[in-house]
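Here is a short briefing for a first look at a protein chain. Please view the sequence and the structure together.

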Amino acid sequence: MVVDKVRGTGAARQIHDELLRGRPEQRVRLLVERDHPKVRGLYEAWGYEWFG
């Protein structure tokens, strides 16, 4: 989640990438509410796949 002021600037992706940088795990799990298809679509655009 980012504040309205920076939405659409790539800030969410930068935060995401920084949080995962240097992590040794091979997989990441994100929890996204089913009622938010736009958010799910964003993560899928970043390479995540729907599971469950």
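The points below cover the overall build, a nonpolar patch and the salt bridges.

This is a predicted model: local features need pLDDT of at least 70, side-chain atom pairs count only at pLDDT 80 or more, and totals for chains, interfaces and linings use all residues. Residues are numbered from 1 along each chain as its sequence is written, and side-chain values use heavy atoms, with hydrogens and water left out.

**Overall build**

- The chain has two helices and zero strands. Both terms refer to DSSP runs, numbered from the N terminus: helices are H or I with at least four residues, strands are E with at least two.
- The C-alpha trace spans about 35 × 30 × 15 Å along its principal axes.
- Of the 52 residues in the chain, 10% are buried. Buried means under 20% relative accessible area, exposed means over 50%, and partly exposed lies in between (1.4 Å probe, protein chains only).
- Accessible areas come from the Shrake-Rupley method with a 1.4 Å probe; for residues, only the protein chains shown count as cover.
- The chain carries 10 positive and 8 negative charges, and their mean positions are 1 Å apart. Lys and Arg count as positive, Asp and Glu as negative; His and the chain ends are not counted. Each charge is placed at NZ of Lys, CZ of Arg, CG of Asp or CD of Glu.

**The nonpolar patch**

- Ile15, Leu19, Leu20, Val28 and Leu30 make a nonpolar surface patch of about 420 Å². Patches take residues with over 30% relative accessible area and no salt bridge; like charges are joined within 9 Å, and nonpolar side chains (Val, Leu, Ile, Met, Phe, Trp, Tyr) within 5 Å.
- Ile15 sits in helix α1, which covers residues 11–20. Ile15 counts as partly exposed because its relative accessibility is 46%.
- Val28 belongs to the loop between α1 and α2 (37–45). With 41% relative accessibility, Val28 is also partly exposed.
- Leaving out residues up to four places away in sequence, Val28 touches Leu20 and Tyr48. Contact here means heavy atoms within 4.5 Å.
- Val28 and Tyr48 are 20 residues apart along the chain, and their C-alpha atoms are separated by 8.7 Å.

**Salt bridges**

- The count comes to five salt bridges. The rule asks for a side-chain nitrogen of Lys or Arg within 4 Å of a carboxyl oxygen of Asp or Glu.
- One of them joins the side chains of Arg13 and Asp17, at 3.0 Å from N to O. These two residues are separated by about one helical turn because they are four residues apart in helix α1. Arg13 is partly exposed at 32% relative accessibility, and Asp17 is partly exposed at 27%.
- Arg40 and Glu44 also meet in a salt bridge, at 3.1 Å from N to O. They are four residues apart in helix α2, so about one helical turn separates them. Arg40 is partly exposed at 32% relative accessibility, and Glu44 is partly exposed with a relative accessible area of 35%.
- Another salt bridge links Glu25 with Arg23, whose closest N and O atoms are 2.7 Å apart. Glu25 has a relative accessible area of 44% and is partly exposed. Arg23 is partly exposed at 47%.
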